[in-house]
Amino acid sequence: LTVMGDTGMELNISPPDNAVQQDSLFSMTDMFLISLITGLFTYWFFFRQKKEEVPDLPKMQTVVAPVRDSSFIEKMKKTGRNIVVFYGSQTGTAEEFANRLSKDAHRYGLRGMAADPEEYDLSDLSRLSEIDKSLAVFCMATYGEGDPTDNAQDFYDWLQEADVDLSGLRFAVFGLGNKTYEHFNAMGKYVDKRLEELGAQRIFELGLGDDDGNLEEDFITWREQFWPAVCEHFGVEATGEESSIRQYELVVHTDLNMNKVYTGEMGRLKSYENQKPPFDAKNPFLAHVTENRKLNEGGERHLMHLELDISNSKIRYESGDHVAVYPANDSSLVNQIGEILGTDLDTIMSLNNLDEESNKRHPFPCPTSYRTALTYYLDITNPPRTNVLYELAQYSTDADEQERLRKMASSAADGKALYLSWVVEARRNILAILQDMPSLRPPIDHLCELLPRLQARYYSIASSSKVHPNSIHICAVTVEYETKTGRVNKGVATSWLKNKVPNEKGSNSVVPMYVRKSQFRLPFKPSTPVIMIGPGTGVAPFIGFIQERAWLKQQGKEVGETVLYYGCRREREDYLYREELARFHQEGVLTQLNVAFSRDQAEKVYVQHLLKKNKENIWKLINEGNAHIYVCGDARNMARDVQNTFYEIVAEFGNMSQPQAVDYVKKLMTKGRYSLDVWS
């Protein structure tokens, strides 16, 4: 028998000795095995029993998070309200108008509340008649290409699907839109029409505000006719002049722990120190700027390309999406406001809603300092609206100045004209008004209550996530102009972005941002031809589109014709992404590169002129190739001129009348083959 020793060497053992050892070995082995099996069985049995036993633990009391009351009817009954003003707001203006209307109600012996439709169950509209003298008002902004705002999307979906009797509901609608856009006030018009279809009673005509004109004046004109209609319908009268009613009370904190003070966060306290996905409007990601370079070679303007690092953020984006950035106001403007009002800007305070039932406890994150509020939370650069002037008038110690402010806030024709010329056209912001009215020195807390929120700025993303998964690129032009008063006004976001220093530690290189999804998308099939029209910074999303088409080609996909119509002022001055576009064209990814230089010759040449020049090729791509058309840039002139050019091309080569050609292009839009990403 050969046995392996500890060393692994073979040991030769004589037979007699081996027999004795074998008897002994077997008995020892048997005992060992029996002990092992018994032990394992006991352990298994014990372990199994333990697993199966359910210990009789004391029952823990379940802690349930408080559920938000989604019934606005119950809230109105509880607080004695009879008018609810819902707002669909993207930039804060519709919300502001809703607050003004709800505050108006007290003048007529009524009580109003402004409400975000996202926070309530709108099917309760059918129950509003349970409340005496009840009325629902809707301030609805239209966003993008006739879409509802983000916070009104659920309400819009409900309206489309609703099969409910609203015969007891009395309503009125004021829409906020812009006539330079194709679907002017689509949301306001739809809500007004749909509520009537469901049986609701309109007590005043639909108001259509135009931001391309004078939205404030449109609202005031509608509002001054709306309230008399309400009075007539309910048989009530105005109780007196419009009076100033504070919505928030000031609380100054002298010994508060600084860890409980907001320093610029949009939602969760300390969210900038402890970043947690998902990132959105209320929880932006702090992206580091890794590149900030000037794109243009000359001229007075500053055009720039920035790259934001989104590594480890779990943020995903597609070509055509928008990046939203939260800017900060210029510290010199903030300091000047503090100096004029004689305020210690580092005072820690809270503005608390006097209406304890309100969902909105503060006008901005509190507690915070006046400096933080004026820097990150409040809009101090846009001309203030008339309601702000009216509220501020009481603090003017000079009779003439007080009268001037009240006049501009009135609905009288000469008052509207004065407001238009002195405030809007002169682009006077709150600082300029304080400077030009020496006796006007309001308490800073009331000023902070009145000023609208500083909004995020949106930019078309100038990169493809297929090529740059951890980076988002921005193309922007700084805004700077001289006003009629001789002051130099600067764009909040672009001036702030211009000063971002790449790869530097601290806030100088950080941008709070999030991604907003868009419908501006490349065709599903890479082989589908695309025609892109984007002069100036309108070229931004097309840089991403072209990058993506190049990537698809590298993957071996069949990529259709990729045609770009780009325009700028002068070839040697502001030809953006010249090298990149030339390289794409040379590589064959960009099959056509058509560039209009508007000021390099006596007669101005724009993108629409180049479209007309290549009209036969354009028609072939549309008609035979099923090409998708994309337009990005200025809505007021360029987008309209380009659209008219397409009408002409379709009419000529499709043998259609003008109305037929218009209908043809509209159908392309409906099918998603003519997409717009425009601004005014």
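The conversation below sets individual values against the cut-offs behind the terms.

Guide: Please bear in mind that this is a predicted model.

Visitor: Why is His305 called buried?

Guide: Buried means under 20% relative accessible area. His305 has a relative accessible area of 3%, so it is buried. The residue belongs to strand 12 (residues 303-309).

Visitor: Which side chains does His305 join by polar contacts?

Guide: The side chain of His305 has a polar contact of 2.9 Å with that of Glu307, and another of 2.8 Å with the side chain of Tyr577. The cut-off for such a pair of N or O atoms is 3.5 Å, so each distance qualifies. Beyond its neighbours within four places in sequence, His305 contacts Glu291, Asn292, Arg293, Leu295, His473, Ile474 and Tyr577.

Visitor: What makes strand 3 largely enclosed?

Guide: Strand 3 (residues 83-88) has six of its six residues buried, so the rest of the structure largely encloses it. Ile83, Val85 and Tyr87 are buried on one side, and Val84, Phe86 and Gly88 are buried on the other.

Visitor: How do you know that strand 3 pairs with strand 4 and with strand 5?

Guide: Two strands pair if there are at least two bridges between them. Strand 3 and strand 4 (residues 112-115) have four bridges and run in the parallel sense; Gly112 of strand 4 is the bridge partner of Ile83. On the way from strand 3 to strand 4 the chain passes through helix 3 (residues 93-104), and this β-α-β crossover is right-handed. Strand 3 is also joined to strand 5 (residues 135-143) by six bridges, again in parallel, with Val137 of strand 5 as the bridge partner of Val85.

Visitor: Why is the pair of Phe86 and Phe138 called stacked?

Guide: The count of aromatic pairs comes to 27. In the pair of Phe86 and Phe138, the ring centres are 5.6 Å apart and the planes stand at 20 degrees, so the pair is stacked. The cut-offs are 6.5 Å for the centres and under 30 degrees for the planes. Phe86 is in strand 3 and Phe138 in strand 5, so their pair ties together parts 52 residues apart in sequence. Both Phe86 and Phe138 are buried.

Visitor: What makes Phe520 and Phe545 a stacked pair?

Guide: For Phe520 and Phe545 the values are 5.7 Å centre to centre and 25 degrees between the planes, against cut-offs of 6.5 Å and 30 degrees. Phe520 lies in the loop between strand 20 (510-516) and strand 21 (530-533), and Phe545 in helix 15 (residues 540-554), so the pair ties together parts that are 25 residues apart in sequence. Both Phe520 and Phe545 are buried.

Visitor: How do you know that the charged end of Arg428 sits over the ring of Trp422?

Guide: The charged end of Arg428 is 3.9 Å from the centre of the Trp422 ring and sits over that ring. The distance cut-off is 6 Å, with a further requirement of within 35 degrees of the ring normal. The charged end of Lys466 sits over the ring of Trp551, 6.0 Å from its centre.

Visitor: Why is helix 9 called largely enclosed?

Guide: Eight of the eight residues of helix 9 (residues 386-393) are buried, so the helix is largely enclosed by the rest of the structure. Among the buried residues are Asn387, Tyr390 and Glu391. Their cover includes helix 3, helix 6 (215-234) and helix 10 (399-408).

Key. Residues numbered from 1 in each chain as written. Predicted model: local features only at pLDDT ≥ 70, side-chain atom pairs only at ≥ 80, totals over all residues. Heavy atoms only, no water. Buried < 20%, exposed > 50% of the residue type's maximum accessible area, 1.4 Å probe, protein only. Helix = DSSP H or I, 4+ residues; strand = E, 2+ residues; numbered from the N terminus. Right-handed = clockwise from strand over helix to strand, strands pointing away. Phe/Tyr/Trp six-rings, centres within 6.5 Å; stacked < 30°, edge-to-face > 60°. Contact = heavy atoms within 4.5 Å. Polar contact = N/O pair within 3.5 Å; in protein donor to acceptor, adjacent residues only side chain to side chain.
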